[in-house]
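User: Hi! I would like to learn how to read interfaces and cavities in a structure. Could you take me through one?

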Protein chains: 2
Amino acid sequence: MAPRKVKAADQKRSDGLPGGRMPRSRPQTRIQREKQDIILEAALEVFSVHGFRGATIDQIAEVAGMSKPNLLYYFPKKEEIHRRLISTLLDTWLAPLREMDEDGDPFAEIRSYIRRKLEMARDFPRESRLFANEMLRGAEHVIDMIEIDLKNLVDEKARVMQVWMDQGKLARTDPYHLIFSIWATTQHYADFDVQVRAVLGKDRNGEGRFDDAARYLEQLFMHGLTPRQRQGTKTA
Amino acid sequence: MAPRKVKAADQKRSDGLPGGRMPRSRPQTRIQREKQDIILEAALEVFSVHGFRGATIDQIAEVAGMSKPNLLYYFPKKEEIHRRLISTLLDTWLAPLREMDEDGDPFAEIRSYIRRKLEMARDFPRESRLFANEMLRGAEHVIDMIEIDLKNLVDEKARVMQVWMDQGKLARTDPYHLIFSIWATTQHYADFDVQVRAVLGKDRNGEGRFDDAARYLEQLFMHGLTPRQRQGTKTA
DNA sequence: AGAAATTTTGACCAGTTGGAAAAATGTTAG
DNA sequence: CTAACATTTTTCCAACTGGTCAAAATTTCT
């Protein structure tokens with residue numbers, strides 16, 4: 001192997017901020033915000049389909065309608081785009097769960113949580129897929145957020161549900177797995193969209209499938225979570 | 001731009017079989033089968049995490065413990081490895097649904113279907129992720145199989161469930177979405193494993209989480225699908 | 001053993017990728 | 001207008017990518 005020459009004076013800034021020759025004086029130009037938004041939008045499009053490694057800067061630049069170096073002027077690192085996307089996403093993503101209100105009616109709360117999640121799957125499928133992609137490859141870039149913010153939020157809501165169960169308003173189950181199942185069933189319609197469409201066939205393929213899903217899930221969870229007096233779980 | 005010279009006599013075979021200098025006389029050598037298995041195993045490892053575009057041949061070769069040219073001797077195209085993996089997978093993946101028996105007890109059938117799917121998520125998480133990856137990016141490589149084999153199978157089982165519902169043995173719902181929800185909730189434990197672990201925390205992280213999941217899902221679906229006389233869905 | 005076939009390796013290639021440098025072109029405040 | 005700054009384009013590069021090829025090493029068959 002031939003030895004490689006490395007310029008010793010080759011130093012770069014690696015702070016999170018737009019590096020290179022980007023200005024730091026004034027906080028943000030109008031044009032900066034605009035272009036960054038365009039880039040993030042394009043990146044979402046590409047990352048959500050190909051994942052981080054599969055996506056290329058050229059591709060994103062093309063979708064964003066600008067040259068690669070121009071794009072790199074705003075986000076000097078590919079990773080930076082991805083990180084921005086993800087951290088913005090996580091907030092939006094958890095909003096519905098945050099809104100679940102301890103003082104509300106358990107069934108109404110859960111039902112509207114399911115609805116909202118399903119609406120998100122319908123209206124922001126790219127975000128859902130970006131998230132799924134990230135999870136699939138081990139969540140390298142968000143593991144901290146998941147382990148802290150997400151966990152705390154779920155812990156909190158699990159406690160709320162526990163209270164509901166103790167009050168006999170909700171069937172006794174594992175609140176964590178209950179939350180998982182809501183995530184899974186709703187996000188499925190975004191992440192596995194192709195499969196859902198293929199299986200439903202051309203005729204049932206309009207946006208109506210989300211209404212059907214909403215009806216079905218509502219029934220499943222409402223019935224599934226109704227408290228019962230006797231749970232004769234004698235199997236076989 | 002400099003003109004590129006192209007050798008006109010540069011012909012390659014592009015049939016599905018191992019190309020290059022591979023023999024065609026005898027069907028398969030022992031060593032061929034062995035190495036191909038090793039490669040497929042390594043490829044599963046890599047593809048399931050990074051997706052098709054994100055995975056590199058070098059990476060797969062390294063995991064497989066052989067040189068890249070050596071690997072390419074067995075699978076002359078990257079795509080070929082992927083295809084083999086996927087088509088093998090789909091069969092295994094659908095097996096549990098195929099076993100759902102019209103003449104069995106509806107609840108027993110559905111329960112054991114859920115169990116089996118959950119076991120697969122536990123025992124073959126890489127396969128599940130490979131599949132999820134494929135779906136996320138639009139199922140390019142399997143769209144036909146999905147649209148035909150998978151759809152047919154689901155159509156058939158949906159009819160079975162419809163019969164059960166007509167007989168009053170199962171609550172009336174959309175059988176398609178019922179199947180979707182089983183897929184979603186079970187595969188979630190493979191595809192979103194990181195998230196599940198993170199949320200459950202270190203203490204609940206053993207394999208026990210699958211038992212908890214099984215219990216929870218059983219309750220959810222069994223209760224959720226029990227037929228009811230009156231469905232007085234008057235809320236608020 | 002020895003020929004033939006199979007398997008493995010090392011050197012190599014053209015195209016792509018993330019990114020750097022710098023020059024060229026706006027834009028704006030004084 | 002012009003200096004100072006912001007934005008964009010052009011050119012370029014080293015590392016990596018999927019893949020080739022001929023030669024060498026090994027296995028298999030007679």
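**Cavity and interface**

Analyst: Happy to. In this predicted model, the lining of the largest cavity takes at least two residues from each of helix 6 (125-136) and helix 8 (175-191) of chain A, and from each of helix 6 and helix 8 of chain B. Helices here are DSSP runs (H or I, at least four residues), numbered from the N terminus. Residues are numbered from 1 along each chain as its sequence is written, and chains are lettered from A in the order in which they are written. As the model is predicted, local features need pLDDT of at least 70, side-chain atom pairs count only at pLDDT 80 or more, totals for chains, interfaces and linings use all residues, and side-chain values use heavy atoms, with hydrogens and water left out.

User: How many cavities of 30 Å³ or more does the rule count?

Analyst: Rolling a probe the size of a water molecule over the atoms shows where empty space is left. A cavity is a set of points on a 1 Å grid where a 1.4 Å probe fits but cannot get out, and lining residues have an atom within 4 Å of a point. Here the count is 4 cavities of 30 Å³ or more. The largest has a volume of about 130 Å³, the volume being the space filled by probe spheres set on the points. Of its 16 lining residues, A:Asp191, A:Phe192, B:His188, B:Asp191 and B:Phe192 are the closest to its centre.

User: What area is buried between chain B and chain A?

Analyst: The size of an interface is often given as the accessible area lost when the parts come together. With a 1.4 Å probe and summed over both parts, the buried area is about 5600 Å², with 64% from carbon and sulfur atoms. B:Leu136, B:Val199 and B:Tyr216 lose the most area in chain B, together 13% of what that side buries. In terms of contact (heavy atoms within 4.5 Å), 63 residues of chain B meet 62 residues of chain A.

User: Which salt bridges link chain B and chain A?

Analyst: Look for a side-chain nitrogen of Lys or Arg within 4 Å of a carboxyl oxygen of Asp or Glu. The count between these chains is 2. B:Asp174 pairs with A:Arg204, the closest N and O atoms being 2.4 Å apart. B:Arg204 and A:Asp174 form a salt bridge too (2.4 Å, N to O). That pair runs from the loop between helix 9 and helix 10 of chain B to the loop between helix 7 (143-166) and helix 8 of chain A.

Note on methods: Buried area = accessible area lost by both parts, 1.4 Å probe. 1 Å grid on protein atoms, 1.4 Å probe; cavity = no way out; pocket = protein on both sides within 12 Å on 5 of 7 lines; lining within 4 Å.
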